[in-house]
Amino acid sequence: MADKTFDYSSADSQGTILSPVKVSDFDMEAYEGYNAAFLERNKEFWNSRSGVLVYRRFRVPQVFSYGCRDMEYSLGLQLAALQESMKYACDITNFLEPWYGIGTIPGAFGADYVWNENQAPAVKPPFKSLDEALNYDLRPVEESATGKHTLEMIEYFLEKTKGKIPVSMTDTQSPLNIAAQLLDISTLFCEIYDNPDDYKKLLGVLSDLLIGFSEKQRELIGDVLASPGHGFPSSMAFSGIGLSDDNMLMISDSMYEEFEIPFREKIGEAFGGAVFHSCGNWSKKIAVVKKIRNLVMADGAFGAQTDPDPNPADGFGKEFANSGVILNARIVGDVSTVAETVEKLWRPGMKLVVATYCKTPEEQEQAYHRVHEICGC
């Protein structure tokens with residue numbers, strides 16, 4: 001029996017350790033054809049009201065850590081992931097991502113990365129008040145060091161892969177998450193209560209910066225854009241923009257509805273729908289998340305091996321069935337773990353993506369067929 005507890009000794013419970021592959025050793029045409037074979041299946045699912053797809057996500061830990069600083073190294077690791085992924089039964093392919101930390105938008109406010117050894121880049125909040133942030137002489141994100149690197153990474157990936165491989169935009173944070181990178185979060189929460197109008201002004205500024213920089217990325221990537229992006233099952237046949245919103249767990253539903261949802265909807269409108277992610281257990285926030293008018297997908301961790309505080313599977317199926325919103329369920333574990341979780345999640349009328357992390361192609365094959373068997377589709 002596999003251990004079904006969270007492994008605190010692992011740097012990335014959802015990661016797969018691989019060695020870089022040289023661009024010259026990667027068969028671009030083969031992967032281009034492999035990806036193309038899935039697009040009709042993906043399009044049909046996206047436009048349907050119910051169904052299930054299986055996604056074997058390949059996440060190489062160094063890519064989302066110190067390795068993001070070196071474009072060649074990051075690409076080599078991601079190509080290794082794409083190459084390995086072709087051995088695993090799935091319905092959605094993997095894609096390249098120009099990941100460069102989560103402090104992209106703060107670059108417009110002069111914030112730069114702090115690089116601690118063997119760690120992902122971090123941003124030290126540069127402001128002590130909303131007033132300071134609102135009065136800062138902004139520059140476009142693409143003119144900041146972080147923005148420039150991100151766009152250069154996209155160009156590098158496209159050049160080296162000859163525009164044959166799907167590429168997503170970089171990791172995109174919600175306006176609330178971005179605001180917490182500009183002010184210490186304790187200060188930010190006090191400001192929300194004391195200066196709600198100024199907080200809304202800041203969220204408006206952040207939303208416009210995010211939309212503008214994302215449009216730059218979308219224009220650059222062109223026809224091979226994989227949406228909704230970082231951390232989500234993404235395809236050239238899908239749309240929407242993924243926003244990580246972990247800090248929403250610390251505010252009330254009414255505050256989320258007033259301060260966050262209008263800006264999420266605005267961002268979603270520019271990219272074909274809003275897509276939600278939060279780490280941890282956000283089951284008590286389902287009702288308010290579903291109030292996002294243009295919500296097209298929501299992501300959650302299920303199972304003890306996936307997250308230190310995973311979502312309980314019971315209840316999600318009832319809430320998302322017949323909603324038209326895709327639930328992306330990340331499940332780390334063996335075939336029995338995946339099957340047990342999907343049995344609790346699945347309800348007729350759901351649009352469900354099961355993101356697995358099975359260790360071998362043989363195990364993945366079993367999990368793939370078991371998921372489709374449980375869901376009857």
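A cavity is a set of grid points where a 1.4 Å probe fits but cannot get out, and its volume is the space filled by probe spheres set on the points. The model examined here is predicted.

**Exercise 1. Overall form**

Solution. 
1. Along the principal axes, the C-alpha trace spans about 55 × 50 × 40 Å.
2. Of the 377 residues, 59% are buried.
3. Among contacts with a separation of 6 or more, 79% join residues 24 or more positions apart.

**Exercise 2. The cavities**

Find how many cavities of 30 Å³ or more the structure holds, and characterise the lining of the largest cavity.

Solution. 
1. Rolling a probe the size of a water molecule over the atoms shows where empty space is left.
2. The count is three cavities of 30 Å³ or more.
3. The largest cavity has a volume of about 170 Å³. It is lined by 15 residues, and those closest to its centre are F58, F64, N94, F95 and E97.
4. Helix α2 provides the largest share of this lining, three residues.
5. By residue class, the lining of the largest cavity divides into nine nonpolar, three polar and three charged.
6. The second largest cavity holds about 90 Å³ of space. Its lining also has a count of 15 residues, with T104, I105, D171, T172 and Q173 nearest its centre.
7. Helix α7 (residues 196-221) gives the most to the lining of the second largest cavity, four residues. This lining divides into six nonpolar, eight polar and one charged.

**Exercise 3. The setting of F64**

Is F64 buried or exposed, and which residues does F64 touch beyond four places in sequence?

Solution. 
1. F64 is found in the loop between β1 (51-56) and α2 (71-85).
2. The relative accessible area of F64 is 14%. Buried means under 20%, so F64 is buried.
3. Not counting residues up to four places away, F64 touches R59, E97, W99, A120 and H230. Of these, E97 is also one of the residues closest to the centre of the largest cavity, as is F64 itself.
4. S74 lies 10 residues from F64 along the chain, and their C-alpha atoms are separated by 8.9 Å.

**Exercise 4. Helix α5**

Solution. 
1. The buried residues are P175, L176, N177, I178, A179, A180, Q181 and L182.

**Exercise 5. Cysteines**

How many disulfides does a search of the whole structure find?

Solution. 
1. The criterion is a pair of cysteine sulfur atoms within 2.5 Å.
2. The search finds zero disulfides. For C68, the nearest cysteine sulfur is that of C279, 17 Å away.
3. C68 counts as buried, at 0% relative accessibility, whereas C190 counts as partly exposed, at 47%.

Technical notes:
Residues are numbered from 1 along each chain as its sequence is written. This is a predicted model: local features need pLDDT of at least 70, side-chain atom pairs count only at pLDDT 80 or more; totals for chains, interfaces and linings use all residues. Side-chain values use heavy atoms; hydrogens and water are left out. Buried means under 20% relative accessible area, exposed over 50%, partly exposed in between (1.4 Å probe, protein chains only). Helices (H or I, at least four residues) and strands (E, at least two) are DSSP runs, numbered from the N terminus. Contact means heavy atoms within 4.5 Å. On a 1 Å grid over the protein atoms alone, a cavity is a set of points where a 1.4 Å probe fits but cannot get out, and a pocket is an open set with protein on both sides within 12 Å along at least five of seven lines; lining residues have an atom within 4 Å of a point. Ala, Val, Leu, Ile, Met, Phe, Trp, Tyr, Cys and Pro count as nonpolar, Asp, Glu, Lys and Arg as charged, and the others, Gly among them, as polar.
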